[in-house]
Amino acid sequence: MRGRFVTFEGIDGAGKSTHLAQSIEWLRARGHEVLATREPGGTELAEALRELLLHRPMSLETELMLVFAARRDHLEHRIVPALERGAWVVCDRFTDSTWAYQGAGRGAAGERIAWLESWVHGTLQPTRTYWFDVAPEVAAQRRARSRQADRFESEDLDFFRRVRDGYRRRTEADPERIVRIDGSGSVEQVRAILEEDLARLCSS
Ligand code: TMP
């Protein structure tokens, strides 16, 4: 596949949204076609699954399968076609979220996630992942200032500590792909780091 697949990750309230929007703008200003999308979501079916995932009570098993069902539809209809035609795909969350939230956060078995991952997306992985890392206490304060909490956002601090540890382990296991961004840095600092790295990806 000719395109580049970039994902943004982090606990809720880590501050990735502003940077995601700026990165998309930066790429488009340089003439790249960019599919800006998100998970769970990105297609009509996956957005419907997102509503259920965020607001309906369900078991961990159901949650895990719905996340991957949404992902499969998204991959088939939007992500893979975009990468095949050489576009950039910039996605707010992908399978690292599943490892962090359903795996580290909720305790889903790693073998189960790995099996679903290889079934749903084979060897396809993001080209680059930016992990926005902030202390769960800081993220909780930011969340309190924003909208009504969904099923994930209303989890307690311990849950987000485990999710953060999950991201840390993912990053240690794949440091070539996952870049840790200090989410407490200034908007300008983070923006400069991202633009430098995106420029590198453009020329690679
Ligand atoms: P968002 O609020 O950043 O759009 O993400 C929606 C929520 O979905 C967020 O709290 C994390 C959660 N999520 C999972 O639990 N597993 C996943 O695989 C994905 C993609 C998201």
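Guide: A residue counts as buried when its relative accessible area is under 20%, and as exposed when that area is over 50%. The model is predicted. With that cut-off, the buried residues of helix α7 include Phe-159, Phe-160, Val-163, Gly-166, Tyr-167, Arg-170 and Thr-171. They lie on the same side of α7, because the arc they cover around the axis is only 135°. An α-helix has 3.6 residues a turn, so residues three or four places apart point the same way. Arg-169, Glu-172 and Ala-173 are exposed on the other side of α7.

The length of the helix can be checked as well. Helix α7 runs over residues 157-173, and at 1.5 Å a residue its 17 residues should span 24 Å; the end C-alpha atoms are 24 Å apart, so the two values agree.

Now the open space. The largest pocket holds about 720 Å³. It is lined by 30 residues, and Asp-12, Lys-16, Arg-93, Arg-147 and Glu-153 are the closest to its centre. Two or more lining residues come from each of α1 (16-29), α2 (44-55), α3 (60-84), α4 and α6. Helix α4 gives the most, with 4 residues. By class, the lining has 14 charged, 8 polar and 8 nonpolar residues.

Notes
Residues numbered from 1 in each chain as written. Predicted model: local features only at pLDDT ≥ 70, side-chain atom pairs only at ≥ 80, totals over all residues. Heavy atoms only, no water. Expected span 1.5 Å × (residues − 1). Buried < 20%, exposed > 50% of the residue type's maximum accessible area, 1.4 Å probe, protein only. Arc of directions from axis to C-beta. 1 Å grid on protein atoms, 1.4 Å probe; cavity = no way out; pocket = protein on both sides within 12 Å on 5 of 7 lines; lining within 4 Å. Points joined across faces, edges and corners; volume = space filled by probe spheres on them. Nonpolar A, V, L, I, M, F, W, Y, C, P; charged D, E, K, R; others polar.
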